[in-house]
Amino acid sequence: MKIFKLLEIMRNQLNKLQEMYEVLQKMQTAMVESDYENFEKAIELQERILAEIRNLEKARIDILKDLLQSDILPEKNLLVQKLFEAEPEADITLQEEYLNIRNSLVEVVDEIENLNFQNKYLIDHSRKFIKGLVTNLYGVKNQKLLDRKV
């Protein structure tokens with residue numbers, strides 16, 4: 001029974017992470033197009049999705065803790081095979097589904113990390129460009145003003 005709940009939570013996590021990836025793509029497009037309004041909307045959406053992902057992760061950890069503390073898993077070893085042997089309703093297809101979802105989660109997280117790195121790069125270079133532009137416009141004497149504002 002808990003296995004089914006665990007799989008459901010992991011599926012929801014995967015969906016939310018895929019949503020996060022799409023939001024990060026929109027954020028990147030908004031940065032490139034200098035679309036401040038869409039950038040702000042993407043940030044708000046990103047924060048909401050992150051909160052949902054945190055809640056799902058907490059629920060997933062709680063289920064795993066319950067399984068570890070139950071008599072079903074006397075060894076404190078969370079091997080996937082033992083986890084699925086512990087549940088009478090679990091069969092090989094559920095184990096395969098678990099492994100597929102877990103692998104998909106890892107792939108999406110890697111893609112998100114890559115996109116976050118790209119967005120950070122865009123932001124850093126945008127800041128440098130703006131700083132250089134303001135320095136050229138106002139001169140080096142106003143550098144302290146620039147450092148406070150940027």
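1. A salt bridge here is a side-chain nitrogen of Lys or Arg within 4 Å of a carboxyl oxygen of Asp or Glu. With that in hand, the structure holds eight salt bridges. Please keep in mind as you read on that this is a predicted model.

2. A word on confidence before the details. The protein chain has a mean pLDDT of 81, and 77% of its residues reach 70 or more. Confidence is highest in helix H1 (residues 2–32), at a mean of 91, and lowest in helix H5 (residues 143–149), at 56. Where pLDDT is low, the predicted coordinates should not be read in detail.

3. You will find Arg60 in helix H2, which covers residues 36–69. Is Arg60 buried or exposed? Its relative accessible area is 19%, and the cut-off for buried is under 20%, so Arg60 counts as buried.

4. Which residues does Arg60 touch, once neighbours within four places in sequence are left aside? They are Leu6, Ile9, Met10 and Gln13.

5. Arg60 also has a charged partner. Its salt bridge is with Glu57, and the closest N and O atoms are 2.6 Å apart. The two residues sit three places apart in helix H2, so about one helical turn separates Arg60 from Glu57. While Arg60 is buried, Glu57 is partly exposed, at 27% relative accessible area.

6. As for accessibility, Lys41 has a relative accessible area of 47% and is partly exposed. Glu37, at 53%, is exposed, because the cut-off for exposed is over 50%.

7. Moving on to helix H4 (residues 92–138), have a look at Lys120 and Asp124, which are four residues apart there, about one turn of the helix. Their side chains meet in a salt bridge, with an N to O distance of 2.9 Å. Asp124 is partly exposed, with a relative accessible area of 30%.

Conventions:
Residues are numbered from 1 along each chain as its sequence is written. This is a predicted model: local features need pLDDT of at least 70, side-chain atom pairs count only at pLDDT 80 or more; totals for chains, interfaces and linings use all residues. Side-chain values use heavy atoms; hydrogens and water are left out. Buried means under 20% relative accessible area, exposed over 50%, partly exposed in between (1.4 Å probe, protein chains only). Contact means heavy atoms within 4.5 Å. pLDDT is the predictor's confidence in each residue, from 0 to 100.
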